[in-house]
Amino acid sequence: MCGIIGYIGENNAIDFLHYGLKKLEYRGYDSAGVAYFNKNQLTVYKKVGQVDNLFDEKLLKVNSNIGIGHTRWATNGKISTENSHPHQSFSKTITLVHNGIIENCTELKNKYLKGINLQSETDTEVVANLLEFFYLKNHHKLDSIKILMSLLKGSYALAILFNDDCENIYFLKNRSPLVIGCGNNCNFISSDTLGFEKYTSKYIEIDDFEFGYINKKNMEIFDKNSKKITKNVKDCANFQKINNKMQFEHYMLKEIFEIPDAIKNTCELYKNFESIKIINKNLFNKIKRIKLIACGTSYHASLIGEKYFREIGFDAYTEIASEFLYNKQIWQKDTLYIFISQSGETADTLSCVELCKKHNAKTLCITNVPTSRITKICDYTLPICCGPEIAVASTKAFNGQVCSLLVLSKYLQFIKKINIKKKKLNKKDTHSTSINKLISKIIKISKSININTFIRQVKPLTQMVKESKNVFFVGKDYDYVLALESALKLKEISYINSVAYPSGELKHGTISLVDNNTLTFAYITEKKLSSKTLNVINQIKSRGGKVVVISPFIELQKFENIDYFIKLPEVNNYFYPIISIIPMQILSYYVSVSLGNNPDKPRNLAKSVTVE
Ligand code: M6R
């Protein structure tokens, strides 16, 4: 997964490419590169490392009014200058940047490019050479692109420069995102509206198998039959308002501070739940079973959702997306498949949606990105309104996803009750009662969240965590899921090995690792289960391990075997999963920073994982 950007206009493309690539760096930051025309001369400049590393004194001196750029997360081929984009064809007729993966690359190379000596290990260089192959034959740019498109299998968003044309940037796309930014005497092409939103909020979404070109004043877009099409110009001013770090040192900290708003805004949207298009009463009437599918943090939110659905009597199961594809599925008409994805772009999750569609299954997605691919391929979309999440480690989206699942579960419970009473839903029923009360309660909780209070509590633990080789997280039921998410958060940005266990499972093997160098965090948010987790704490302490408890129950502080107590505000049981993760999101952040890491861009990771 990578970010691509292109600019053509009256001003210096280098500045726009710099801005765009910085904004797209969340998509990958192993290496970066640009290609630009200067007095009809095409130059490619690329380097390993982050975007700022590329824009050195030499590049910043360049003046050009057309260019393309790329920021890479290595998939095909190691991190190296040769594998960085842009890539050029053998005789440099074609220069292009690519986001995606070409699945039939070897086959195409063997068929069309025999004897061509490739410079890199990438599929993208094959694409550049294929396009050159067709262009040198028919001398028609759009026709060549169309032929290329008919041959490529896989995902791609491509921005292309032809060396005999310094007035147009060409493009084509399938499965990877691509938008055109419509400026004043300039146009942009980008993986995301973030790449140009400072300069224009007007944009056009390119759909699969569309291709065309942009120039300073115009653009032409064609469908796969080469029919010229006119597309709606949309406005991103609203959903891309808050995209700078403001006073915060990192996006991650800013996004943690945005958790109360993320919860509140998501709930506000649900106040009029029925007005969200997804809510199709007929759909929910027929549902007997729910499967939740997601990856990473979104998977953990799904596990919470599974518990919420079970509480109201639904048969609910969660599967990790990359496993769902290979587990034998029993397709049943009355199962609803719910996909959770912050970005709406995660390849593993998208492949599962596609599999479900093949089996005519009913699909619903919960996503933070309303323009994302998942919303295009699922039957229904339930948005969360957390605002753009830039830091690679997901924080506020998790809180929003959990809220969304809680409200959805209550809505299903409501429909179920109505069904049992054989009543017909009417407007009064749906807009009143329990759901709106629930929403008001969550909004009230969101207003009471004080991030600074949490910071004061957890920051003193930074040194202790930083010095640990292994950190364990334990909990039961909902608390076990919080333990899972905490372990993921800590390991992905601190690189400290951290593992979660259900409290009761530790004694079945892992306790052998406990000694006086081990640190364990225990969640206790369910009173009825506290004695069970306290037993486990005793077992850890008697083997010399240190224990931190995260709980709303202040009386536990007196328990002698607890080394440190993090106090959660007291709320109704259902709401703990929404807020209890916050201390560990914060602590992971501070541990990462104190280890000298960049929590926004942890090593080896990228925000959206668009490869399986
Ligand atoms: O965009 P998605 O929610 O589909 O992303 C899923 C995971 O890749 C993501 O949650 C990942 O685990 C994060 N880095 C976790 O902080």
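These are my notebook entries on one protein structure, from the whole chain down to single residues.

**Entry 1: the model.** I am working with a predicted model.

**Entry 2: overall fold.** I looked up the secondary structure and found 22 helices and 25 strands. Next I checked the radius of gyration, which is 26 Å. The globule rule gives 25 Å for 612 residues, so the protein is as compact as a globular protein of that length. I also took the extents of the C-alpha trace. Along the principal axes they come to about 75 × 60 × 45 Å.

Entry 3: I asked what share of the 612 residues is buried, and the figure is 61%. For contacts with a separation of 6 or more, I noted that 71% link residues 24 or more positions apart.

**Entry 4: surface and charge.** The protein exposes about 24,800 Å². Carbon and sulfur atoms supply 49% of that area. I then looked at charges: 82 are positive and 59 are negative. Their mean positions lie 6 Å apart.

**Entry 5: strand E6 and its partners.** Strand E6 covers residues 94-102. I checked burial here and found eight of its nine residues buried, so E6 is largely enclosed by the rest of the structure. Which way does E6 run against E5? The two are antiparallel, joined by two bridges. E5 and E6 make a hairpin with five residues between them. In that turn I noted Lys-92, whose phi is positive at about 65 degrees. E6 also pairs with strand E7, residues 154-162. That pairing is antiparallel too and has nine bridges. Among its partners are Ile-94 and, in E7, Phe-162.

**Entry 6: backbone exceptions.** Most residues other than glycine have a negative phi, and most peptide bonds are trans. Where is there a cis peptide bond? I found one joining His-85 and Pro-86, with omega about -5 degrees. Pro-86 sits in the loop between strand E4 (66-72) and strand E5 (87-88).

His-139 has a positive phi, near 55 degrees. I placed His-139 in the loop between helix H5 (123-138) and helix H6 (141-151). Is His-139 buried or exposed? His-139 counts as exposed, at 59% relative accessibility.

Arg-175 also has a positive phi, about 70 degrees, and is not a glycine. I found Arg-175 in the loop between strand E8 (169-174) and strand E9 (179-182). Arg-175 is partly exposed, with a relative accessible area of 28%.

Note on methods. Residues numbered from 1 in each chain as written. Predicted model: local features only at pLDDT ≥ 70, side-chain atom pairs only at ≥ 80, totals over all residues. Heavy atoms only, no water. Helix = DSSP H or I, 4+ residues; strand = E, 2+ residues; numbered from the N terminus. Rg over C-alpha atoms; globule rule 2.2 N^0.38 Å. Buried < 20%, exposed > 50% of the residue type's maximum accessible area, 1.4 Å probe, protein only. Contact = heavy atoms within 4.5 Å. Areas by Shrake-Rupley, 256 points an atom, 1.4 Å probe, with all protein chains shown as cover. Lys, Arg positive; Asp, Glu negative; His and termini not counted. Charge placed at Lys NZ, Arg CZ, Asp CG, Glu CD. Pairing = 2+ DSSP bridges.
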